[in-house]
Amino acid sequence: MKSSVSGFFAHGAERKMLLTQPGLRSASVGARRVPLAHSAPAQRAGKKFPLSDSEGRKYMTLNQLLYVVEVSKTKSINATAHTLFVSQSCVSTAIRELEDELGIIIFNRTNRGITVTKDGETFIHYANNIIQQCKLLEEKYLGGEEHKRHFSVVMHHSTFAAKAFAGVVKEFGLLDYEYSIYETKTKTVLEQVRSAKSELGILYISTFNQDYYEKIFKELDLIFESIAEYEVYAYIGENHPLAYRDEIDLSELEEYPCLIFDQDENSSFYFYEEIISAYEYKNVIRTSDRATTIDLLQELDGYAVGIGTANDEKSVNGIRAVKIRTDEKINVGYVIREGGCLSEMAEKFIELFAADVTSL
């Protein structure tokens with residue numbers, strides 16, 4: 001299977017050879033260079049690729065980045081060497097030299113296997129972004145055929161985002177573009193945006209967890225752009241005993257099951273999409289998708305927490321929104337990578353999403 005990165009690791013007549021082809025067994029192919037900080041020239045014998053220029057400025061190679069990213073996935077130098085058709089010593093030496101040059105440890109190596117260090121997690125994040133950009137370059141200039149542009153959004157469970165996404169597809173069409181939309185857990189939203197798998201992430205942030213999110217955004221080099229802030233509503237079935245109240249207290253809902261979207265087992269409780277604050281829900285049912293949640297709201301007289309409108313007089317899909325008396329607010333917005341440039345599709349999505357959300 002063709003590796004879409006490998007073409008950038010060769011020179012001249014070898015340029016279109018693949019790193020995954022038998023015979024490419026030396027890191028010497030990887031002479032595409034990414035500048036590091038100024039440092040003294042490497043004094044190791046037998047180097048097969050330049051590690052510094054005449055001014056003493058060191059470089060890392062794309063091969064080194066590829067090896068690191070692949071080892072982070074396989075957790076095995078042997079498996080990585082097998083996948084990339086290079087020797088195990090080639091992978092091990094390249095990574096060790098890179099660690100020496102950077103002055104960090106990327107992987108902890110023990111008899112039980114390989115684990116990624118804290119420094120390694122940060123480095124792999126940036127290395128993976130570079131590899132992905134190389135893939136795009138190769139697809140554009142070495143692929144020999146036109147490739148569709150890709151647009152992806154990842155989000156909390158949101159009907160507004162799906163509507164805006166559909167608007168983007170209608171405007172740009174399917175001929176020259178391909179699309180992805182993911183409705184998932186908070187941790188996955190952040191990971192996909194950070195790794196550039198998705199260009200935008202849609203989040204609902206409550207007053208309670210806002211400070212925690214700001215800390216996480218800073219650590220992950222992400223930026224959150226707020227669109228609007230809303231009152232908190234309970235979603236309940238149209239036949240629920242409290243369905244036609246103007247306002248309710250959370251205490252009035254205690255006897256009914258609260259449906260919340262499940263998060264990763266090790267995720268902080270601050271990552272929950274629902275407001276929690278000091279309030280402890282008495283009866284909880286965890287779900288993973290909106291369709292199941294809607295069914296259970298109707299069948300069990302359950303409730304879910306989210307945003308709604310003060311003018312909700314009609315039920316939608318058998319569900320009504322009733323305002324909850326609380327000081328909490330829900331901030332709706334999107335998260336992007338710091339320093340990233342938005343595509344035309346992303347800008348259009350934000351325009352449509354903002355229009356939908358602010359019209360509530």
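Biologist: Where is the place of Leu-250, in terms of strands and loops?

Modeller: In this predicted model, Leu-250 sits in the loop that runs between strand E10 (247–248) and strand E11 (258–261).

Biologist: Is Leu-250 buried or exposed there?

Modeller: Leu-250 has a relative accessible area of 11%, and since buried means under 20%, the residue counts as buried.

Biologist: Let's step back to the whole chain. How many helices and strands are there?

Modeller: The secondary structure comes to 9 helices and 15 strands, and of the 360 residues in the chain, 46% are buried. The accessible surface of the chain amounts to about 18900 Å², with 48% of that area belonging to carbon and sulfur atoms.

Biologist: And what share of the contacts is between residues 24 or more positions apart?

Modeller: Taking the contacts with a separation of 6 or more, 71% are accounted for by residues 24 or more positions apart.

Biologist: Now the core. Which residues of the largest nonpolar core touch the most other members?

Modeller: Those are Phe-151, Ile-202, Phe-349 and Phe-353, in a core of 43 residues. Helix H9 (residues 344–358) provides the largest share of this core, namely 7 residues. Apart from it lies another core, of 25 residues, which includes Cys-90, Val-91, Ala-94 and Phe-123.

Biologist: How many aromatic pairs does a search of the whole structure find?

Modeller: The search finds 8 aromatic pairs. In one of them, the rings of Phe-165 and Tyr-179 have their centres 6.0 Å apart and their planes at 80 degrees, so this pair is edge-to-face. The pair links distant parts of the chain, as Phe-165 belongs to helix H5 (residues 159–172) and Tyr-179 to strand E6 (residues 177–183), with the two residues 14 residues apart. Both Phe-165 and Tyr-179 are buried.

Biologist: Why is the pair of Phe-349 and Phe-353 called stacked?

Modeller: The planes of the two rings are at 10 degrees and their centres are 5.8 Å apart, so the pair is stacked; the cut-off for that label is under 30 degrees between planes. Phe-349 and Phe-353 are 4 residues apart in helix H9, and they are therefore separated by about one helical turn. Phe-353 is buried as well, with a relative accessible area of 1%.

Biologist: Which residues do ring pairs link into a cluster?

Modeller: The cluster consists of Phe-151, Phe-165, Phe-172, Tyr-177, Tyr-179, Phe-349 and Phe-353.

Biologist: Switching to strands, in what sense do E3 and E4 pair?

Modeller: Strand E3 (residues 107–110) and strand E4 (residues 113–116) pair in the antiparallel sense over 4 bridges, and they form a hairpin with 2 residues between them. Within this pairing, Gly-113 in E4 is the bridge partner of Thr-110.

Biologist: Last one, how many disulfides does a search of the whole structure find?

Modeller: The search finds 0 disulfides. As for individual cysteines, Cys-134 is buried with a relative accessible area of 8%, and Cys-258 is buried with a relative accessible area of 0%.

Key. Residues are numbered from 1 along each chain as its sequence is written. This is a predicted model: local features need pLDDT of at least 70, side-chain atom pairs count only at pLDDT 80 or more; totals for chains, interfaces and linings use all residues. Side-chain values use heavy atoms; hydrogens and water are left out. A nonpolar core is a set of buried Ala, Val, Leu, Ile, Met, Phe, Trp, Tyr and Cys residues joined through side-chain atoms within 4.5 Å. Buried means under 20% relative accessible area, exposed over 50%, partly exposed in between (1.4 Å probe, protein chains only). Rings of Phe, Tyr and Trp (its six-membered ring) pair if their centres lie within 6.5 Å; planes under 30 degrees apart count as stacked, over 60 as edge-to-face and the rest as tilted. Contact means heavy atoms within 4.5 Å. Accessible areas come from the Shrake-Rupley method with a 1.4 Å probe; for residues, only the protein chains shown count as cover. Two strands pair if DSSP finds at least two bridges between them. A disulfide is a pair of cysteine sulfur atoms within 2.5 Å.
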